[in-house]
Amino acid sequence: MPELVFFIYSCARDYVNFLRMASAEEVNAGGKKNDTRRASHRRRALPNNTMPFLETVVQPIYKVVFDEGFSGIVGGRPKPHTDERSANFPMNYDDWNEAFWNLDSLSLLRTHSGEQLVHAPLHKRWELLKDANWRGFFDAHGK
(Lines give C-alpha, C1' and ligand atoms only; values in the text may rest on other atoms or scores of the structure.)
Protein backbone atom coordinates (compact mmCIF):
# COMPACT_ATOMS: atom_id res chain seq x y z
CA MET A 1 0.00 0.00 0.00
CA PRO A 2 2.53 2.58 -1.12
CA GLU A 3 -0.04 5.38 -1.42
CA LEU A 4 -1.00 4.93 2.24
CA VAL A 5 2.66 5.00 3.28
CA PHE A 6 3.23 8.18 1.27
CA PHE A 7 0.16 9.84 2.81
CA ILE A 8 1.35 9.06 6.34
CA TYR A 9 4.88 10.19 5.45
CA SER A 10 3.53 13.47 4.05
CA CYS A 11 1.56 14.13 7.23
CA ALA A 12 4.65 13.45 9.37
CA ARG A 13 6.89 15.60 7.14
CA ASP A 14 4.50 18.56 7.27
CA TYR A 15 4.24 18.24 11.05
CA VAL A 16 8.01 18.08 11.59
CA ASN A 17 8.61 20.98 9.20
CA PHE A 18 6.07 23.04 11.13
CA LEU A 19 7.79 22.22 14.44
CA ARG A 20 11.19 23.10 12.98
CA MET A 21 9.88 26.44 11.70
CA ALA A 22 8.32 27.16 15.09
CA SER A 23 11.61 26.27 16.82
CA ALA A 24 13.59 28.50 14.46
CA GLU A 25 11.18 31.38 15.06
CA GLU A 26 11.51 30.84 18.80
CA VAL A 27 15.31 31.00 18.52
CA ASN A 28 15.10 34.12 16.32
CA ALA A 29 12.66 35.79 18.71
CA GLY A 30 15.16 35.29 21.51
CA GLY A 31 17.67 37.49 19.70
CA LYS A 32 19.92 34.58 18.76
CA LYS A 33 19.43 34.72 15.00
CA ASN A 34 22.68 32.98 14.12
CA ASP A 35 22.95 30.49 16.96
CA THR A 36 22.95 27.31 14.86
CA ARG A 37 23.89 25.19 17.86
CA ARG A 38 20.53 25.96 19.51
CA ALA A 39 18.61 25.40 16.27
CA SER A 40 20.25 22.01 15.66
CA HIS A 41 19.55 21.03 19.28
CA ARG A 42 15.87 21.74 18.67
CA ARG A 43 15.90 19.58 15.53
CA ARG A 44 17.29 16.66 17.48
CA ALA A 45 14.59 17.08 20.12
CA LEU A 46 11.69 16.91 17.65
CA PRO A 47 11.14 13.13 17.69
CA ASN A 48 10.39 13.32 21.42
CA ASN A 49 7.32 15.40 20.54
CA THR A 50 5.71 12.68 18.41
CA MET A 51 2.85 10.35 19.27
CA PRO A 52 3.30 6.58 19.76
CA PHE A 53 3.11 5.87 16.04
CA LEU A 54 2.78 2.08 16.01
CA GLU A 55 -0.02 2.00 18.57
CA THR A 56 -2.04 4.95 17.32
CA VAL A 57 -1.63 4.77 13.54
CA VAL A 58 -0.19 1.47 12.32
CA GLN A 59 -2.13 -0.95 14.54
CA PRO A 60 -5.58 0.49 13.72
CA ILE A 61 -4.82 0.33 9.98
CA TYR A 62 -3.43 -3.19 10.28
CA LYS A 63 -6.54 -4.29 12.19
CA VAL A 64 -8.83 -3.09 9.39
CA VAL A 65 -6.73 -4.83 6.73
CA PHE A 66 -6.47 -8.02 8.82
CA ASP A 67 -10.21 -8.11 9.56
CA GLU A 68 -10.95 -7.87 5.86
CA GLY A 69 -9.49 -11.30 5.21
CA PHE A 70 -9.39 -13.08 8.55
CA SER A 71 -11.77 -13.79 11.41
CA GLY A 72 -9.09 -14.08 14.09
CA ILE A 73 -6.06 -16.04 15.24
CA VAL A 74 -6.38 -19.77 15.90
CA GLY A 75 -3.41 -21.81 17.01
CA GLY A 76 -1.12 -18.85 16.40
CA ARG A 77 -2.21 -18.52 12.75
CA PRO A 78 -4.70 -16.22 11.01
CA LYS A 79 -8.01 -17.95 10.35
CA PRO A 80 -9.57 -16.97 7.01
CA HIS A 81 -13.23 -16.02 6.93
CA THR A 82 -15.42 -19.03 6.22
CA ASP A 83 -18.74 -17.20 6.13
CA GLU A 84 -20.35 -15.08 3.43
CA ARG A 85 -17.74 -12.32 3.94
CA SER A 86 -15.14 -14.36 2.08
CA ALA A 87 -17.47 -14.73 -0.91
CA ASN A 88 -18.13 -10.98 -1.12
CA PHE A 89 -14.74 -10.18 -2.66
CA PRO A 90 -12.89 -8.45 0.17
CA MET A 91 -10.84 -5.36 -0.59
CA ASN A 92 -7.48 -6.12 -2.15
CA TYR A 93 -4.16 -4.37 -2.73
CA ASP A 94 -5.50 -2.14 -5.53
CA ASP A 95 -8.56 -1.15 -3.51
CA TRP A 96 -6.39 -0.11 -0.53
CA ASN A 97 -4.16 1.95 -2.83
CA GLU A 98 -7.02 3.61 -4.70
CA ALA A 99 -8.32 5.00 -1.42
CA PHE A 100 -5.33 7.41 -1.45
CA TRP A 101 -5.22 8.37 -5.13
CA ASN A 102 -7.25 11.57 -5.15
CA LEU A 103 -8.70 14.30 -2.98
CA ASP A 104 -12.29 13.08 -3.35
CA SER A 105 -11.35 9.71 -1.94
CA LEU A 106 -9.12 11.19 0.77
CA SER A 107 -11.93 13.49 1.85
CA LEU A 108 -13.65 10.36 3.20
CA LEU A 109 -10.91 10.02 5.82
CA ARG A 110 -12.26 11.54 9.01
CA THR A 111 -11.54 11.40 12.68
CA HIS A 112 -13.96 9.63 15.00
CA SER A 113 -15.41 13.08 15.78
CA GLY A 114 -16.02 13.70 12.05
CA GLU A 115 -13.19 16.12 11.17
CA GLN A 116 -11.85 15.67 7.63
CA LEU A 117 -8.09 15.23 7.63
CA VAL A 118 -7.55 16.74 4.17
CA HIS A 119 -9.25 19.97 5.19
CA ALA A 120 -7.19 20.38 8.35
CA PRO A 121 -4.07 22.60 8.19
CA LEU A 122 -1.09 20.59 6.93
CA HIS A 123 0.73 20.70 10.26
CA LYS A 124 -2.30 19.38 12.16
CA ARG A 125 -2.93 16.29 10.03
CA TRP A 126 -0.26 14.22 11.77
CA GLU A 127 -1.88 14.67 15.17
CA LEU A 128 -5.30 13.88 13.67
CA LEU A 129 -4.05 10.51 12.36
CA LYS A 130 -4.20 9.06 15.87
CA ASP A 131 -7.97 9.66 15.87
CA ALA A 132 -8.59 8.60 12.26
CA ASN A 133 -11.57 6.34 11.67
CA TRP A 134 -9.75 3.91 9.36
CA ARG A 135 -12.56 1.35 9.31
CA GLY A 136 -15.09 4.00 8.35
CA PHE A 137 -12.73 5.34 5.69
CA PHE A 138 -12.11 2.00 4.02
CA ASP A 139 -15.75 0.95 4.36
CA ALA A 140 -16.89 4.24 2.75
CA HIS A 141 -14.37 3.81 -0.05
CA GLY A 142 -15.33 0.19 -0.60
CA LYS A 143 -15.46 -1.38 -4.01
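Which side chain meets that of Lys63 in a salt bridge? The partner is Asp67, at 2.9 Å from N to O, where a salt bridge takes a side-chain nitrogen of Lys or Arg within 4 Å of a carboxyl oxygen of Asp or Glu. This is a predicted model, so local features need pLDDT of at least 70 and side-chain atom pairs pLDDT 80 or more, while totals for chains, interfaces and linings use all residues. Residues are numbered from 1 along each chain as its sequence is written, and side-chain values use heavy atoms, with hydrogens and water left out.

Now for the overall layout. The protein has 8 helices and 2 strands, taken as DSSP runs numbered from the N terminus (helices H or I, at least four residues; strands E, at least two). Their order from the N terminus is α-α-α-β-β-α-α-α-α-α. Of the 143 residues, 33% are buried; here buried means under 20% relative accessible area, exposed over 50%, and partly exposed in between, with a 1.4 Å probe and protein chains only. Looking at contacts (heavy atoms within 4.5 Å) between residues at least 6 apart in sequence, 58% join residues at least 24 apart.

Helix 3 covers residues 53-69, and its 17 residues should span 24 Å at 1.5 Å a residue, which agrees with the 24 Å between its end C-alpha atoms; the expected span is 1.5 Å times one less than the number of residues. There is a bend of about 35 degrees at Gln59, with Pro60 following within four residues. That bend is the angle between axes fitted to the seven residues ending there and the seven starting there. Buried residues of this helix include Thr56, Val57, Ile61, Val64 and Phe66. Val58, also in helix 3, counts as partly exposed because its relative accessibility is 32%.

Back to the opening pair: Lys63 and Asp67 are 4 residues apart in helix 3, so about one helical turn separates them. Lys63 is partly exposed at 47% relative accessibility, whereas Asp67 is buried at 15%. Asp67 also forms a salt bridge with Arg135, with the closest N and O atoms 2.7 Å apart. Since Arg135 sits in helix 8 (residues 134-141) and Asp67 in helix 3, this pair ties together parts that are 68 residues apart in sequence. Arg135 itself is partly exposed, at 34%.

The salt-bridge count comes to 4. One of them joins the side chains of Arg13 and Asp14, at 3.7 Å from N to O. Arg13 is partly exposed at 34% relative accessibility, but Asp14 is buried at 17%.
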